[in-house]
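Please keep the sequence and the 3D view at hand while reading.

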Amino acid sequence: MKTPPSGIPKPEGTYPPTEAMLAEPVPEDLAKAQTARLRKAWAAPPGWRYPSAVNNTEVGKWYCMTALSFMLMAGVMALIMRLQLAVPENDLVSADRFNQLFTMHGSAMMFLFAVPLFEAISILLLPGMLGARDMPFPRLSAYGYWSFLIGGIFVIGSTFFDAAPRAGWFMYPPLATEDEGPGSDIWLLGLSFIEIASIAAAVELIVGALKCRPPGMRVNIMPLYAWYVMVVGGMILFAFPPLIAGDFLFELERSFDWPFFDPTRGGDPMLWQHLFWIFGHPEVYIIFLPSIAIAAMVIPTVARRPIFGYSWIVLSAVGTGFLSFGLWVHHMFTTGLPSISLGFFSAASEAVVIPTGIQIFAFLATLMAGRVKMTLPMLWISGALAIFTMGGLTGVMLALAPFDFQVHDTYFIVAHLHYTLFGGMVFPVIAGVYYFFPFIQKKLLSERLGKWAFWLIFSGFNLTFLPMHLTGLWGMPRRVYTYPTDLGWDGLNMISTIGAFIIAAGFAIFVWDLIRPKGHQPQIPRNPWDAGTLEWTHDVPEETWGVRSIPHVTTRYPLWDQPQMQARMDAGRYYLPDAEEGKRETLVTSVIDAEPIQVQRVTGPTWITHLAALFTGGAFIFPTFHLYPPAIVSGALAICCIIWWLWTSTARPPEADSKDVGLGLRLPTYAAGPSSVGWWAMWITMLGDATAFSSVVFGFFFYWTASPDFPPDGAAHAAAGWVGLAAVAFALNWMMTVGARQLNRAGSVGAARLCLVLAPATAALGAASLIVSVWGLAPESHVYPAILWALTVWIAAHTGAGVIMQLYCLAGSLFGKMTPRYDADIWNVSLFWHFVTISALVTCAVMGLAPEAL
Amino acid sequence: MNVMMRDRNDIRRSCFSRVPALTLLSLLVLAGCGREQSALNVAGRDAAAISLLFWVMLVGAVLLWLMVNGAFLYVSRFAPGRFDERHGRRLLIGGGIVLPTVVLTALLVWGLSLLPDSRTPGDGLVVRVTGEQWWWRVEYWPEGATEPVVSANEIRLPVGERTEFRLLADKVIHSFWIPALGGKMDMFPGRETTFTLLPDKPGTYRGQCAEFCGASHAWMAFVAVAMEPEEFDAWLQAQAEDAAPPADDAARRGQAVFRDEGCGACHTVRGTDAVGQVGPDLTHIGSRLSLGAGRARVTLDDLATWVAHTDALKPEVRMPSYDLGEDELRDLAHYLKGLR
Amino acid sequence: MTEERTPDRREDQKEFAEEEASLLKITLGPLIWAAHFVVCYGLVAVTCAKGWDIGAVRIGLGGLSALALAGVLWVGWAAWRQWGVTTTGDRVNRLGSAEDRHHFLGHAAFLLSIISLIGVVFVSLPLVLIGGCQ
């Protein structure tokens, strides 16, 4: 099927710009007028409307501060736990309270601090590093942030009502599924909500790094941070969905008693362990890599030379990303899996050390070949190195299964994981805070306080966690609320508690330094560290537009290698120096070579994202208390808000098809299909969705592998005829959706509309047949009918979303939002249906053929 | 409860000066004290292999740590600008690829070759252990036995023989672990896991549940005793016997309390009408080395305290606290202590 | 710097066509590792659970490992040639030109194939060193 060409004009003019064009000065009065217009278009909303801002600099700051607050709360929980453990048989807190505390400490540090902080920092920094004005979907960032805030407060707030989850951050069933009270539901639903926000952020960051680079910044010269963002974003897409699938099954068990993890009815608690750790181990690298990315930005500046082994670091990021998915069973070494299986994971866990080591040696080599000028950020990086190498080396030990048999689930692990997380995340991030603070706030942090904070946290950390290795070897298990006195653990625990309070003192100083008023400080230089990357071109004092004009970049360290660039950017010599229509715009470039291809309108301040987040929150939070009707109403309102937001501000037909972006280049203002950012976002999202679906299908085959009677003898199966009908209906729906896209592009608007009327009907028929096919099966009775039902629910829910999208396109066609020329919506919707159709057909195959084949 | 505390304080005094001493030196002194649950206090074949692996890896890790951080300190503080790209490249290839590949390959080969050891078949004795919330149901199946010798919360093993463990759990996941003898193995509801242990040195050790299993996870422990084979056989034979009848009046009164309070609904005392299966078998509780799954000791005082304050000693435990008179408690404790 | 010209709005497709082989090469090494890993783990898990003949499966997987190694070596060799350090003498490829981008992708793919090679060898070790499903 050949797609007719779209009517949108191609880019016209000269690219790349010649030296003569760049040398030509911009007339002064023009520059002044441009500056005024640009400033107006990008101004943050004043006064009480400030929270409606969506600009990455605002949202990024809120995001960081919120994550930091959650971290401090989780830190206080750790202090309470350390007090409880300071002496044996202590009764400061009850066993139940302690279990809530350690569950929440882990969950909050992971889900409310470490992962969101990566998103927060990247949203804040990435556009700066890429010389972009903003992220491609500012409202999506805002929606993600408000969702995170609501979900985070809900989850962590449960601690104050003594209702927090208490089965560990890993929520192993049956302990967690059998737990009475809302704790497990709060964990599941609250965190699912946040996981979805994380995936949204990952999608946005990947698209940002792929499509919003400045012209000329090919993949071989983009800042390493952007490489890490892409790798980590990709990892989130493949790591979070298995957990979401697990949550889906888990919540079906909690709410409707479908026995996915109940061994008495064919379920298996091991499935949860697999799904959790397929998420859980890449998660560690999802936290670690972005922090290393910060180090990769700091170290060249400190060494005053380009990074040594750029390709090596790219290799190590990509390699770690891949290998990290082959490690998950090392959290399950003691579950009695066959030795040979353990061997594979042992081997992969050792292999991942190599790219990580390369990363560190590349930094060492950079420092070696450079002329190091020690700064405060570098002090924190050296602390990170000292701590992380230790955590890495204990990791090498733990990867050997026999050693893990001994220390698994002991304080040795507690020590190991804190060494990797403090060394691999906390210290580099604090280094990043000191390094990037002048970029973020245009102020400097105190050198003296920074050193105090460093030495307190560094020494406190080692005092707390170094002895824990020994505590673990001497046999103290994790997650015990107290311990008897005669096992030699007393002194070690006391030392750890004292150390914990020294860390806390260090953090108090750090936080004070962050928030203390700095109004009296003299204006800082624009590039205080003499760094080489684009974020340091931002104006001091701050301008909300990011860059005055978007430069043409030809080197890895443009501020070092393109001496005239800064002045030309400021003069408005480069691209998009103006905002003629008073709208916010940024450049979209091609994926590999960053050639300019489009001007993208980006969205401005709004309240709709707040409403959407609020109602989405309701849809997740009400079910925790088994309030299903309000949850459904909330969900429906959330969908309405999102539709309103998309309708009013995305893929609107522009006033003009193309515009002059400066330097003799005219670019189109509208794009559909693979050249648009929306299509990429949909593609990436659906990749994650497909992963989640595959995890549910994996569940089906896992039961078959793990149990000798799956499906059980004489079990009722899905009605084959209905399954077949569903397959046919979904196939027809797909043809009609793609047909609508092609017909519309070819100008047959009427036929396209007809397709868009028929497609939802066939989709609904498909979902209905699937439901009818399993209607007679009792999902509470055994895991086999339960998993068939789960697959059905999955497909039905996606069909619902897909039907709404089809009707959205139909409405667009009827009301002039979607025309043969401006057809981005139907492109994205067809893409959605490509994926869902495959999922639906796989489901039909599993349901229809499995009874015969297995 | 006070009683128990006093016992513990005695121990604490003997091991440990009253004020917690905070130097590493005193930690090393402490190392000699109270290490029944230490993985470094090796008493079994598997634990020995793992501990050798650990010490070798520890030395290697310390050396590598010093190398990396030393190099870092040197290039960043003492020798800026002394090297060029060629040195950097050598460092990257040597330190980043060659060195780790060699070290890790060697380690991996060693580690993998140890893996099957803990799965080698046993020499005859099979011990079935079921993890309950929060105690251990134990059955001994000597070779050829048709019915097991049932016990609870204590594992005894013959030295010099490989004993096979078949592990299950009642409701939630637990993990079975005797650090002095070897690694741990998780226990699942509905899925049996097995592994073997080979004690080398007679002695008394402590085991503990290592997988978080609910409110009283911290108090799910047991005593493990490795005995000479002949001693073990004699012990097992004694365990197979029915309970000894009460020896004196106090014990008889205690047995009456036991019966009247309905303890037999949950506990079995073989040879009496107490046949409950919910809680631990108490037929020989008087001879055991711990009470309440490692929570206390089998002394008259601890027994009485336990019955009267179960929930205080073990939060959310299923056994209720019994509001008995002091005399009744004493008699009951006397009866239980006599079940040797 | 490349020649002056007008960027095409189908720039993405053109670039992908141009660099399809290099992009493939970059991910191919790790993908071979991943496929090898998944097949080894999956097949052994099912074999042990269903009581199939583990000896035969080990031999079969040994063959698969040899194939995977050959594949990774081939990718590495092709990537080495794409990097072309022996002809250009440029190890860094730091310029914003099409040639440097092309060489860089070769270099990254070459390094990734080394990691994949080590990964495949490591993951094959248990097949050699551990006998059965114990």
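Two residues are in contact if their C-beta atoms, placed from the backbone, lie within 7 Å. By this criterion, the contact between chain A and chain B takes 74 residues from chain A and 81 residues from chain B. The model is a predicted one, in which local features need pLDDT of at least 70, side-chain atom pairs count only at pLDDT 80 or more, and totals for chains, interfaces and linings use all residues. Residues are numbered from 1 along each chain as its sequence is written, while chains are lettered from A and ligands numbered from 1 in the order in which they are written.

**Chain A with chain B**

- Helix 12 of chain A gives the most to the side of chain A that touches chain B, namely 12 residues; helices (H or I, at least four residues) and strands (E, at least two) are DSSP runs, numbered from the N terminus.
- That side of chain A divides into 44 nonpolar, 22 polar and eight charged residues.
- In this classification, Ala, Val, Leu, Ile, Met, Phe, Trp, Tyr, Cys and Pro count as nonpolar, Asp, Glu, Lys and Arg as charged, and the others, Gly among them, as polar.

**The domains of chain A**

- Chain A is divided into domain 1 (52-515) and domain 2 (688-853), with bounds that come from an automatic or database domain assignment.
- The centres of these two domains, taken over C-alpha atoms, are separated by 36 Å.
- Their contact takes 22 residues from domain 1 of chain A and 21 residues from domain 2 of chain A.
- On the side of domain 1 that touches domain 2, helix 8 of chain A supplies the largest share, nine residues.
- The residues on that side of domain 1 comprise 16 nonpolar, three polar and three charged.

**Chain C with chain A**

- In this contact, 45 residues of chain C meet 52 residues of chain A.
- Helix 1 (11-50) and helix 4 (98-129) of chain C are the elements that give two or more residues to the side of chain C that touches chain A.
- Helix 1 of chain C gives the most, with 15 residues.

**Annotated region of chain C**

- UniProt, in an unreviewed entry, places the feature "transmembrane region" at residues 31-49, 61-80 and 104-130 of chain C; UniProt positions are given in the numbering used here, feature names are shortened, and annotations may be inferred rather than shown by experiment.
- Residues 31-49 of chain C are 100% helix and 0% strand, with end C-alpha atoms 26 Å apart.
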